[in-house]
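This briefing is meant to be read with the structure open beside it, one topic at a time. Please find each residue in the picture before moving on to the next point.

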Amino acid sequence: MDLSSERVLVTGAGGFIGAELCRQLLEQGLEVHGLVRERPAPEGVTPHRVSLLHERDLLKLVERLRPARIVHLASPVDPSRRTSLRWMFEDIVLASGQVAHAALSVGAFLVQVGTCEEYGDGPTPFRESQAAAPVSPYSLAKLAASQQALMLHRSQGLRCCVARPFLTYGPGQRGPRLVPSAIRAALAGEVFRTTAGTQTRELNHVSDIARGLRLCDERLNGRVVNLGGGEEVRVRDLVDRIWAICEADPALIVRDLPQREGEVERFHGDHSLARELLGFSPR
């Protein structure tokens, strides 16, 4: 597929993954438009501040731009177990539905970005063919948004795929995420409290995940695809590795926090479909 003249609309263009995706799309020579909120889009992206919950304004923008692809990344991220389900459904499911209908109206290919958390506490390695088993309001809402896009594909011909990125780290990541929090504490010589860390996680660099999203196209029409392939590592070993790289005092690591409610012990995916259909594997 020749993408040289393609116009792409990215929602969440100022976010952690969205900004990196936009940079890669620009390097590819594409015309990139981005929906942004608090954080600005990368230089070279044409920004727009239309709310995803304002259906008429969103539809007007999409009909004016007529993008060939829409990558829907904009979403709150809160994997806690007690988040308001109503708030999650408004900000994730309703917003995703507006984007999907806008894509359908202009015939754009929609990359609905889900999450590996949709698999919840299901058997590992997580495969696209297995039943989802969400364990938080966030993962339940993301699953509903994914199923909504696939329903529109089956019933109304929406050209789309659901991409499920696995846990991502890298430059620009903010908030109380494990890797940046551990790095900050190690460099500052501060106490870092964590759980016993026996659970495993698969982590992937943001540049790899963005590259996987950039590759999503008609080859995946109507399908779900896992994006990842990083090393499965115990959380305690990951923290120890960060401490060693930063040459920090290991006595500052205090493993006295309880595991969160509904903690998943093993968390990694099967990524053969992305390798076979997209030629994608992490670098």
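With a relative accessibility of 54%, G44 counts as exposed, because the cut-off for that word is over 50%. This residue belongs to a model that is predicted, and G44 sits in the loop between β2 and β3. The points below begin with that loop and then turn to the helices and some backbone details.

- Leaving out residues up to four places away in sequence, G44 touches L26 and V32.
- G44 and P76 are 32 residues apart in sequence, and their C-alpha atoms lie 25 Å apart in space.
- A41 is found in the loop between β2 and β3 as well, but A41 counts as buried because its relative accessibility is 18% and the limit for buried is under 20%.
- If neighbours within four places in sequence are set aside, A41 is in contact with A13, G14 and V36.

**Helix α2 and what surrounds it**

- Helix α2 covers residues 55–65, and its buried residues are L58, L61, V62 and L65.
- When one looks down the axis of α2, these buried residues fall within an arc of 95°, so they line one face of the helix.
- The other side of α2 carries R56, K60 and R64, which are exposed.
- The buried residues of α2 pack against β1 (7–11), β2 (31–35), β3 (46–48), β4 (69–72) and α3 (85–106).
- Just after α2 comes R66, with a positive phi of about 45°, and R66 lies in the loop between α2 and β4.

**Helices α3 and α4**

- Helix α3 packs with helix α4 (residues 137–156) at an angle of about 25°, and the two axes are 9 Å apart.
- That angle makes α3 roughly parallel to α4, because angles under 35 degrees are counted in this way.
- The crossing of α3 and α4 is right-handed.
- On the α3 side the residues that meet α4 include L85, M88, F89 and I92, while those on the α4 side include P137, Y138, L140 and A141.

- In helix α7, which runs over residues 235–245, the buried residues are V235, L238, V239, I242 and W243.
- Seen down the axis of α7, the buried residues fall within an arc of 135°, so they line one face of the helix.
- A244 and I245 are exposed, and they are carried by the face of α7 turned away from its buried side.
- The elements that cover the buried residues of α7 include α5 (178–188), β8 (192–193), β9 (200–202), β12 (232–234) and β13 (253–254).
- Helices α5 and α7 pack at an angle of about 40°, with 9 Å between their axes.
- This angle makes α5 oblique to α7, and the crossing of the two helices is right-handed.
- The contact is made by L178, V179, A182, I183, A185 and A186 of α5, together with V235, L238, V239, I242 and W243 of α7.
- The residues of this contact of α5 with α7 comprise 11 nonpolar, no polar and no charged.

**Other loops and backbone details**

- T194 is found in the loop between β8 and β9, and T194 is buried, with a relative accessible area of 8%.
- Not counting residues up to four places away in sequence, T194 touches I253, V254, R255, D256 and L257.
- E247 follows α7 and has its place in the loop between α7 and β13.
- The phi of E247 is near 55°, which is a positive value in a residue other than glycine, and E247 counts as exposed at 74% relative accessibility.
- T124 and P125 are joined by a cis peptide bond, whose omega is about -5°, and P125 lies in the loop between β5 (109–113) and α4.

Definitions and conventions
Residues numbered from 1 in each chain as written. Predicted model: local features only at pLDDT ≥ 70, side-chain atom pairs only at ≥ 80, totals over all residues. Heavy atoms only, no water. Buried < 20%, exposed > 50% of the residue type's maximum accessible area, 1.4 Å probe, protein only. Helix = DSSP H or I, 4+ residues; strand = E, 2+ residues; numbered from the N terminus. Arc of directions from axis to C-beta. Contact = heavy atoms within 4.5 Å. Axes fitted to C-alpha atoms, helices over the stretch in contact; angles between N-to-C directions. Parallel < 35°, antiparallel > 145°, perpendicular 65-115°, else oblique. Left-handed = near helix turned anticlockwise from the far one by under 90°. Nonpolar A, V, L, I, M, F, W, Y, C, P; charged D, E, K, R; others polar.
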